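Here is a short briefing for the structure shown below.

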There are 4 protein chains.
Amino acid sequence: MSEQAFTSMVAASSAGDAPEIGVGMLGYAFMGKAHSNAMKKLPYMIYPPVAIPKLAAIAGRNAAAVAEAAKRFGYRKAYTDWRAMIEDPDVQLLDNGGPNNLHAEPSILAAQWGKHVLCEKPLARNAEEAKAMWDAVEQAGVKHMTAFNYRFVPAVRMIRDLIDQGALGRIYHWRAVYLQEWIMPHYGTPMIWRLNRELAGSGALGDLGAHIIDLAHYLVGGVKSVSALTKTFIQQRDRDEGGAGVVDVDDAFAAAVEFENGAIGTLESTRFAAGRKNHNVFEINAERGSVRFNLERMNEAEVFWVDEQPQATQGFHNVLVSESHHPWWRHWWPQGHIIGWEHTFVHEINHLLEAIVNDQPVGPHGATFEDGYRCAVVCDAIVESSQSGRRVDIAY
Amino acid sequence: MSEQAFTSMVAASSAGDAPEIGVGMLGYAFMGKAHSNAMKKLPYMIYPPVAIPKLAAIAGRNAAAVAEAAKRFGYRKAYTDWRAMIEDPDVQLLDNGGPNNLHAEPSILAAQWGKHVLCEKPLARNAEEAKAMWDAVEQAGVKHMTAFNYRFVPAVRMIRDLIDQGALGRIYHWRAVYLQEWIMPHYGTPMIWRLNRELAGSGALGDLGAHIIDLAHYLVGGVKSVSALTKTFIQQRDRDEGGAGVVDVDDAFAAAVEFENGAIGTLESTRFAAGRKNHNVFEINAERGSVRFNLERMNEAEVFWVDEQPQATQGFHNVLVSESHHPWWRHWWPQGHIIGWEHTFVHEINHLLEAIVNDQPVGPHGATFEDGYRCAVVCDAIVESSQSGRRVDIAY
Amino acid sequence: MSEQAFTSMVAASSAGDAPEIGVGMLGYAFMGKAHSNAMKKLPYMIYPPVAIPKLAAIAGRNAAAVAEAAKRFGYRKAYTDWRAMIEDPDVQLLDNGGPNNLHAEPSILAAQWGKHVLCEKPLARNAEEAKAMWDAVEQAGVKHMTAFNYRFVPAVRMIRDLIDQGALGRIYHWRAVYLQEWIMPHYGTPMIWRLNRELAGSGALGDLGAHIIDLAHYLVGGVKSVSALTKTFIQQRDRDEGGAGVVDVDDAFAAAVEFENGAIGTLESTRFAAGRKNHNVFEINAERGSVRFNLERMNEAEVFWVDEQPQATQGFHNVLVSESHHPWWRHWWPQGHIIGWEHTFVHEINHLLEAIVNDQPVGPHGATFEDGYRCAVVCDAIVESSQSGRRVDIAY
Amino acid sequence: MSEQAFTSMVAASSAGDAPEIGVGMLGYAFMGKAHSNAMKKLPYMIYPPVAIPKLAAIAGRNAAAVAEAAKRFGYRKAYTDWRAMIEDPDVQLLDNGGPNNLHAEPSILAAQWGKHVLCEKPLARNAEEAKAMWDAVEQAGVKHMTAFNYRFVPAVRMIRDLIDQGALGRIYHWRAVYLQEWIMPHYGTPMIWRLNRELAGSGALGDLGAHIIDLAHYLVGGVKSVSALTKTFIQQRDRDEGGAGVVDVDDAFAAAVEFENGAIGTLESTRFAAGRKNHNVFEINAERGSVRFNLERMNEAEVFWVDEQPQATQGFHNVLVSESHHPWWRHWWPQGHIIGWEHTFVHEINHLLEAIVNDQPVGPHGATFEDGYRCAVVCDAIVESSQSGRRVDIAY
């Protein structure tokens with residue numbers, strides 16, 4: 001190697017002078033994978049990084065599986081006891097990707113130990129549980145975030161910015177569905193934790209509905225009342241381990257809602273929509289225009305302006321939200337070189353790291369535990385309305 | 001002219017040996033134009049015709065305007081008194097295209113005179129009025145049809161046929177919106193009859209909602225309950241003649257519904273959806289597949305089958321419903337040479353003429369006055385639920 | 001009938017005071033049906049009409065069929081000898097909807113008798129024949145039109161208007177395909193006249209390609225050169241009457257073209273595009289924006305503007321070309337109530353009637369025989385280029 | 001920390017027992033970022049990994065920039081002399097992401113040193129240069145790949161698999177465009193290396209056209225002839241450093257092509273398509289069906305089958321290519337949770353690593369240097385045809 005040619009030896013482990021924040025990950029399945037990937041990409045894609053997530057530890061019940069996950073993603077330690085992980089001084093941020101029944105206790109414990117908390121959605125199985133979590137993090141003074149990652153889709157943030165700028169004017173309508181199909185009969189889906197109220201809190205409501213309720217909060221504002229139905233199409237399912245289990249959560253719900261600002265809307269989720277893979281679609285109709293978003297085409301937004309000139313060519317614009325001036329896009333690729341679902345987590349976690357490092361609020365663009373609680377209040381009201389047959393007023 | 005060349009002299013006024021049915025048209029505006037056009041096209045497009053609508057007379061309040069309409073479309077007589085027209089022996093079929101407050105009385109009178117009746121939708125301003133109309137036509141033994149023309153879109157009929165054949169299996173979800181924008185502030189729409197309860201019965205509900213309620217009835221079946229909201233965004237509007245009028249109908253409604261067969265669904269209509277011109281869209285999710293329809297692309301249907309092979313290429317099909325084997329298409333053009341909104345009336349009126357000539361039932365594919373009544377029952381329940389804040393059970 | 005009620009007796013045969021123009025229709029199949037329908041609708045839809053097409057006579061080879069067509073559409077006379085029809089003094093306008101080998105002779109004869117001529121496209125089987133036709137009508141001083149009906153789609157005319165206004169600026173690219181599928185093997189299409197050079201002149205080129213060449217002329221301007229290929233995938237087909245016939249026309253062609261104004265483009269047509277029913281799609285990319293059109297969604301246009309504000313929501317607009325301010329739409333229905341393929345003929349024939357009655361030029365918006373000739377020149381050049389393997393310069 | 005709780009300490013640097021392959025990256029801009037990201041994600045997403053790319057070194061001209069890139073992505077060494085990097089024994093694989101004029105020399109040198117080579121596309125500035133590169137790697141016996149990453153889009157691979165299985169039958173048509181807009185006047189793009197023939201070889205042709213030529217090779221087969229045009233709309237551009245530069249490459253090209261198997265097609269690329277961000281779209285029409293792909297919606301494919309039952313619902317399927325049974329999807333997320341453009345590089349580089357570790361051929365699914373050469377032959381023929389005005393036969 002010629003002297004002249006050689007430029008520098010660099011420390012591969014360091015991607016800048018940003019502080020490291022030790023992360024303890026609870027869960028190694030779907031969300032564990034998505035969050036771990038985001039934390040690994042963040043330091044070199046959001047560059048220079050505000051902070052570097054140090055994969056300190058991961059926790060899960062199955063010792064072999066958690067060790068394998070640690071090896072796979074590069075976590076330094078692996079725990080089967082999440083309490084121990086939370087107490088580990090190398091952990092400064094708990095990333096709670098466990099099942100819904102493991103959201104409250106670990107998150108509260110982490111807060112008590114002074115750790116920041118990122119918790120997957122729905123924040124809790126009901127509003128009471130969510131309130132306790134919110135109280136705990138507030139009392140502890142730690143940063144807290146509910147992982148409503150769809151706020152971190154560039155198109156969604158662009159829409160929020162348009163609303164904040166007053167470009168849309170008074171909002172008349174919100175219309176949102178979140179449709180999936182994977183527990184339909186032809187899938188042969190067995191009894192799983194997501195179909196059990198004790199473990200999941202609710203069904204499509206908490207899993208999918210929570211997302212669109214949060215988006216409604218984020219983009220339209222507080223909900224005033226809900227008139228709702230829930231439905232369980234298949235009451236009993238086989239267990240993988242033999243025998244049958246009773247499905248005591250909703251397979252679907254539908255709600256007509258009023259907002260505090262006078263808008264009205266609909267919310268609907270189901271896991272029984274044949275052919276709909278991950279169909280999270282919302283539309284806003286407002287005084288100066290309309291917007292529409294479809295998660296399956298998350299790099300696009302549809303936008304209509306009532307004032308546009310020339311009038312002859314007014315119409316819904318198909319906006320490929322991938323320009324350097326669009327939210328977060330300066331970190332990625334040239335226009336039209338689309339990003340995917342996983343990228344929302346990079347934006348989300350980076351947002352939280354910024355809040356931690358700069359001691360900034362997580363809201364309004366990040367969802368806090370308060371936002372997680374508000375979502376739970378609406379979920380509870382939907383269940384109550386379905387049972388009582390009455391419109392339920394929301395008291396957050 | 002050479003003898004050999006000349007083939008025949010034909011009577012221009014006769015397009016076949018089909019019987020003529022004298023039509024008396026009430027109204028000469030939007031619906032008068034659409035129905036008149038359909039009746040004029042029918043004899044040479046649905047060929048050979050089952051019957052030929054003879055444009056016997058047209059009635060309207062303004063003498064000059066009705067005379068002009070008669071001249072324009074070729075009605076032989078023009079009346080300013082619809083009662084006289086109905087009594088005219090040349091009129092065998094009353095085509096009632098008047099405003100909603102003129103649906104009941106003329107239709108009932110026509111029935112009493114033994115005339116068949118085609119009445120525009122919504123059949124009446126409320127269920128009670130609709131019931132009286134249905135009773136009258138049934139008692140008179142005349143043919144009766146509510147002009148729910150979207151049953152006569154080829155794609156809609158194809159979807160109904162798939163359901164009848166069992167291809168979709170158990171229906172889980174119905175999801176329908178009918179969105180327009182033409183009374184939004186930027187249109188400057190004044191106070192008009194459609195915004196007055198006395199004249200129109202209801203607002204977006206009866207105008208647009210009636211269509212999607214009827215489609216729900218036609219494609220899914222009876223409604224069990226509704227949980228609904230209505231909303232009036234602008235309570236007062238200027239009158240063209242000066243002064244202001246109070247809008248006492250809904251600008252929009254949203255409802256969560258249960259069906260008798262266990263499906264759940266949503267229904268929503270508004271005239272405040274910026275950029276949505278005539279956006280009547282429904283989706284059905286069922287056990288074996290899903291279907292979706294959008295009136296603005298009425299020559300298309302989207303269809304998904306859960307069993308389709310090869311599995312690798314499953315997806316929503318965009319079906320260009322324009323093949324000779326699709327409903328009514330043998331009467332029109334080669335595939336892909338699309339038809340328009342007005343063609344629904346050709347199919348609809350032809351269906352009624354067939355019922356008259358062959359003494360066949362109008363249902364199940366044509367909407368009868370019973371169907372018009374059932375729609376009105378659901379409309380009334382939506383208003384009641386909005387006012388009471390309770391789920392309202394449907395008793396047709 | 002009460003005296004007061006009765007308003008007026010009107011002459012059903014007269015829809016206004018407009019002059020009548022006697023039409024002689026040559027052909028009673030696809031185009032005969034489409035043109036007849038348009039002429040019957042025109043007087044009451046384009047109201048008040050500039051002129052009323054009087055269906056004077058129809059001609060065709062089969063006496064029974066032509067008599068039936070006359071009866072169906074209301075033609076007063078039926079001829080088996082088109083010469084006799086042309087000479088009939090009741091005929092002032094020849095509407096030539098015959099096969100391509102019957103375009104020249106009848107059109108020229110009509111011109112010689114001083115009759116106006118509307119001729120279906122392609123105007124002729126080659127440029128030489130087209131030139132003779134153009135010369136004849138010019139010499140006779142009659143009005144002449146080649147039935148390039150897609151100029152009369154509202155979206156297409158809107159695009160032309162944008163270009164004329166300079167809204168698009170310098171054009172860089174033209175990209176057009178016209179794709180169908182109906183002679184593919186799975187259709188079992190036999191040998192028909194459209195596959196025979198003597199009768200048709202060319203295959204997909206003259207049938208489909210002529211349309212997109214004319215649109216290129218109408219929207220971009222003159223073609224400077226073509227570099228092209230043609231292809232016949234199936235050389236021999238069964239005859240319905242037994243035996244096999246040789247296909248001596250193209251099943252498809254593709255061409256790279258230069259325009260006189262410096263733009264470049266592609267042109268392609270085929271009848272071997274599985275699933276493409278009537279897929280006539282073009283796109284223009286220009287200095288200030290782009291436009292795209294798809295005949296199967298002919299009520300829509302896609303438009304992009306480079307200067308649009310706000311920049312954040314730039315994107316292709318989906319314009320539902322159905323507003324009262326869009327071309328011809330004031331004659332039709334409220335926005336979003338779409339029209340169909342057949343409506344192009346109403347606009348087209350009305351345009352010709354206006355030219356006749358007001359002694360106005362047919363161009364630039366209507367295609368004249370000159371335009372039909374120019375199209376034939378490009379078609380011939382495509383065949384020549386395909387055979388010679390050389391770029392062919394266009395000399396109109 | 002409880003003993004029981006603690007499971008294991010894991011080496012963060014090791015993601016499995018797979019062999020490490022030392023990578024030397026040439027270039028740190030667009031492609032350097034995309035490839036580096038892919039190599040970092042690969043070991044934990046394609047899990048367990050077949051091999052682990054060890055980011056051994058990165059080279060670039062600017063010392064500060066290359067050091068920064070090394071720090072950012074974790075390359076252990078940074079070079080300003082790519083020769084030195086190639087000779088570095090820690091480098092086993094050269095990843096050549098330099099500008100086109102730096103493709104040949106470093107790739108050949110790497111081969112001579114026995115290093116495997118991944119080279120960005122277009123492989124070379126012309127076929128002669130590409131041939132020399134291909135000869136060098138073949139002679140050296142190293143693995144070689146041209147980075148045609150769109151072969152590694154799941155939808156594209158699915159389409160290739162359908163073709164291989166015979167599902168489409170005989171191919172009649174290929175139709176491909178690759179449209180961008182970023183050198184249009186409103187962008188104010190200055191003179192850059194991509195507009196200089198010495199550095200880039202060609203313009204839109206090599207940059208964008210190479211991709212669709214390779215896809216044509218991959219999906220249809222060898223090209224028999226081309227009839228083409230190229231065009232430079234803006235001949236002179238300002239230099240950032242002052243003064244003006246002459247653009248001596250194409251801004252756009254269009255070609256009509258014949259394939260060896262009898263299919264015909266079109267190829268077109270431009271950087272002057274207003275509103276088209278990264279619009280790489282192809283369509284294949286074949287005997288048993290058609291397929292269509294759009295890179296801007298790369299998680300989708302459109303597929304039509306001529307034999308599909310029921311016939312009533314035939315139509316183009318919109319396939320959301322994101323099921324676990326689709327290519328590579330078992331490594332990613334649940335269905336409908338889409339991936340992005342960058343993921344193609346993960347698949348591509350993993351494919352190369354498999355070839356290296358298992359000593360497997362890179363083709364047919366990976367593009368070799370032979371494929372890069374074949375692409376260059378077609379590019380050269382397009383330029384030649386444009387200049388000569390003649391159809392050019394391809395002799396690979």
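In chain B of this predicted model, α8(B) passes α10(B) in a right-handed crossing. The axes of the two helices come within 9 Å and cross at roughly 120 degrees.

**Helix packing in chain B**

- Helix α8 of chain B covers residues 204-219.
- On the α8(B) side, the contact uses B:Leu205, B:Gly206, B:Gly209, B:Ala210, B:Ile213, B:Asp214 and B:His217.
- These residues meet B:Asp371, B:Arg374, B:Cys375, B:Val378, B:Cys379 and B:Ile382 in α10(B).
- By class, the contact of α8(B) with α10(B) divides into seven nonpolar, three polar and three charged residues.
- An α-helix has 3.6 residues a turn, so residues three or four places apart point the same way.

**Helix packing in chain D**

- Helix α8 (residues 204-219) of chain D packs against helix α10 (residues 369-388) of chain D at an angle of about 120 degrees.
- The axes of this pair in chain D are 9 Å apart.
- The crossing of α8(D) with α10(D) is right-handed.
- α8(D) contributes D:Leu205, D:Gly206, D:Gly209, D:Ala210, D:Ile213, D:Asp214 and D:His217 to the contact.
- From α10(D) come D:Asp371, D:Arg374, D:Cys375, D:Val378, D:Cys379 and D:Ile382.
- The contact of α8(D) with α10(D) holds seven nonpolar, three polar and three charged residues.

**Helix α10 in chain C**

- Helix α10 of chain C runs over residues 369-388 and has 20 residues.
- From first C-alpha to last, α10(C) reaches 28 Å, close to the 28 Å expected at 1.5 Å a residue.
- α10(C) is mostly covered, with 16 of its 20 residues buried.
- Just after α10(C) comes C:Gly389, which takes a positive phi of about 75 degrees.

**Overall fold of chain A**

- Chain A has 10 helices and 18 strands.
- The radius of gyration of chain A is 22 Å, close to the 21 Å that the globule rule gives for 396 residues, so chain A is as compact as a globular protein of that length.
- The C-alpha trace of chain A spans about 70 × 65 × 45 Å along its principal axes.
- Of the 396 residues in chain A, 66% are buried.
- Among contacts in chain A with a separation of 6 or more, 68% join residues 24 or more positions apart.

**Cis peptide bonds**

- A:Gln309 and A:Pro310 are joined by a cis peptide bond, with omega about -5 degrees.
- A:Pro310 sits in the loop between β16 (300-305) and β17 (316-320) of chain A.
- Another cis peptide bond links B:Tyr47 and B:Pro48, where omega is about -5 degrees.
- The loop that holds B:Pro48 lies between α1 (30-45) and β3 (52-59) of chain B.

- B:Asp359 is not a glycine, yet has a positive phi of about 45 degrees.
- B:Asp359 is found in the loop between α9 (343-357) and α10 (369-388) of chain B.
- B:Asp359 counts as exposed because it has 8 C-beta neighbours inside 10 Å, and the cut-off for exposed is 12 or fewer.
- C:Trp328 also has a positive phi, near 70 degrees.
- C:Trp328 lies in the loop between β17 (316-320) and α9 (343-358) of chain C.
- C:Trp328 is buried because 20 other C-beta atoms lie within 10 Å, and the cut-off for buried is 20 or more.

Note on methods:
Residues numbered from 1 in each chain as written. Chains lettered and ligands numbered in written order. Predicted model: local features only at pLDDT ≥ 70, side-chain atom pairs only at ≥ 80, totals over all residues. Helix = DSSP H or I, 4+ residues; strand = E, 2+ residues; numbered from the N terminus. Rg over C-alpha atoms; globule rule 2.2 N^0.38 Å. Contact = placed C-beta atoms within 7 Å. Axes fitted to C-alpha atoms, helices over the stretch in contact; angles between N-to-C directions. Left-handed = near helix turned anticlockwise from the far one by under 90°. Nonpolar A, V, L, I, M, F, W, Y, C, P; charged D, E, K, R; others polar. Expected span 1.5 Å × (residues − 1).
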